[in-house]
Amino acid sequence: MTRPSASFHRGLALLVAATFFMENLDGTIIQTAAPTMAREFGVAPAELSIAMVAYLLAVAAGIPATGWLSVRIGIRPVLLTAIVVFTVASVLCAFAPTLTLLTLARVLQGIGGALMVPVGRLAVLSGTEPRDLLDAIAYLTWPALIAPVIAPALGGILTDTVGWRWIFLINVPLGIAAVVAGLRLIPHSEPQRGTPFDVRGYLAIAFALILLTAGAEALSADDPALEIVGAVAIVGSAGVVWANIVASRQRTDTLFDWSVLRRTTFRAGNLSGGVYRMIITGAPFLFTLLFQLAYGWSATVAGLMVIAVFVGNLGIKPFTTPLIRRFGFRRILIWSNGLGMLVLLAFVAIGPDAPVPVLILLLIVSGVFRSVGFSAYNTLQFADIEPEETTNANTLASALQQVAVALGLAVVAVFVRASTAVSEGVTGSPLPGYHWAFALAAALLVLPLVGALRLPHDAGARAIVRR
């Protein structure tokens, strides 16, 4: 039997994946370079957080407009413009003489990143038939898995060798290559005279995402006052979103069509999947803190150790799609959540005297289930989406994923801070606190596990075509 040709362009998928990698990498790469950058700017290291937060806030503000821009202007011009803006902003970041100018350049970079990710994914998904969805998403998944894991190590290596400015300059050749390739690969699409831009809806959702991202960053800070502010901001953002959902039921020209959440697979991919993304986003950060602050390892050794997670991600990648096709989304998600939970609980039972090979094996296994589950959720969310719903579903999914990523590090930071404070008061050692933090993170995976158990046995069947 002749295998049908793919309904998506693999070259375009690789191009979009490369832009995803750039955007994901720049979200966290300056963390390890912060002390060196602070010395050069003549500020305290903690003040560098404004450059990181500015980037995340700009991404949050830009995402809600991407669907409307793609329809009204066209995917090709928006995506090419986004790559150019991101690349130019990277140059401005590299040569910024002050923290203020660096922060402004990071805002511009975040706007470019906000457009690159949702519009790039839309470029790949537009016209992709359900039978090819798993293969298309497989190209787009690896950047989100790999970039957060290698960012701390890469940032440290570049800072210690060629200087922190190369953290941004490495984007320049990648950006130029992406523009050249994009001119050849991104298809032309006719702009559509769609509905007018929903200014009120945009301001509401953008404000909610900014509020939530800022709140998550405040929760991550080691300051009780900021933690209260963060909690209030997150609750407030939820209120703004709910008000927008209620208002949208009375109008037809809203920025988001929330009715797509009625689809079981889209809802599972973004609500249950959102909790899953929170944990897998925060897990590498939790591993790094454990190794540095509880085990007493250096930042370099801890960063290199966590790369074992990347080894697991990469090693299982060729088998992820066949596994999902063989066992289906429901069983894969049950096993990914259940066994991922057991790996986190394993760190509750071991301490700094555990053999290094055992730790490496656990990290690799964590990476395996992280990769499989992430790919399954990312594909499942679009499995039952009709072509006319793709743009709206893609924009809404991007916004919900921004929420999950923003909350991931914040939730882990709160777990660690609360549990270590208690353990130091009771035992005089922070190590039990880290064990409790791992137990709390594992407990959160019960939510997506229950969601997976509630899925129909044939969930996402349209996207599973056995070759």
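Arg-131 is buried, at 18% relative accessibility (buried means under 20% relative accessible area, exposed over 50%, partly exposed in between; 1.4 Å probe, protein chains only). Glu-129 is partly exposed, with a relative accessible area of 37%. The two form a salt bridge, with the closest N and O atoms 2.9 Å apart (a salt bridge is a side-chain nitrogen of Lys or Arg within 4 Å of a carboxyl oxygen of Asp or Glu). Asp-132 joins Glu-129 and Arg-131 in a network of salt bridges.

The model is predicted: local features need pLDDT of at least 70, side-chain atom pairs count only at pLDDT 80 or more, and totals for chains, interfaces and linings use all residues. Residues are numbered from 1 along each chain as its sequence is written, and side-chain values use heavy atoms, with hydrogens and water left out.

The structure holds seven salt bridges. One of them pairs Arg-263 with Glu-389 at 3.1 Å, N to O. This pair links distant parts of the chain, 126 residues apart. Arg-263 lies in the loop between helix 11 (224-248) and helix 12 (264-294), and Glu-389 in the loop between helix 14 (356-380) and helix 15 (390-426) (helices are DSSP runs of H or I, at least four residues, and strands runs of E, at least two, numbered from the N terminus). Both residues are partly exposed: Arg-263 at 28%, Glu-389 at 21%.

Glu-386 and Arg-462 also meet in a salt bridge, at 3.6 Å, N to O. Glu-386 is in the loop between helix 14 and helix 15, and Arg-462 is in the segment after helix 17 (446-453), so the bridge ties together parts 76 residues apart in sequence.

Arg-330 sits in helix 13. Arg-330 is buried yet has no salt bridge. The nearest side chain of opposite charge, Asp-458, is 8.7 Å away. Instead, the Arg-330 side chain reaches the backbone oxygen of Leu-453 at 3.0 Å. Beyond four places in sequence, Arg-330 touches Ala-452, Leu-453, Leu-455, Pro-456 and His-457 (contact means heavy atoms within 4.5 Å).

The largest nonpolar core has 114 residues (a nonpolar core is a set of buried Ala, Val, Leu, Ile, Met, Phe, Trp, Tyr and Cys residues joined through side-chain atoms within 4.5 Å). Phe-287, Leu-290, Phe-291 and Phe-347 touch the most other members. Helix 13 (residues 299-349) gives the most to this core, with 15 residues. A second, separate core of 28 residues includes Leu-25, Ala-51, Leu-99 and Val-172.

Definitions and conventions. Lys and Arg count as positive and Asp and Glu as negative; His and the chain ends are not counted. A polar contact is a pair of N or O atoms within 3.5 Å; within protein, one must be able to donate a hydrogen and the other to accept it, and residues adjacent in sequence count only if both atoms are side-chain atoms.
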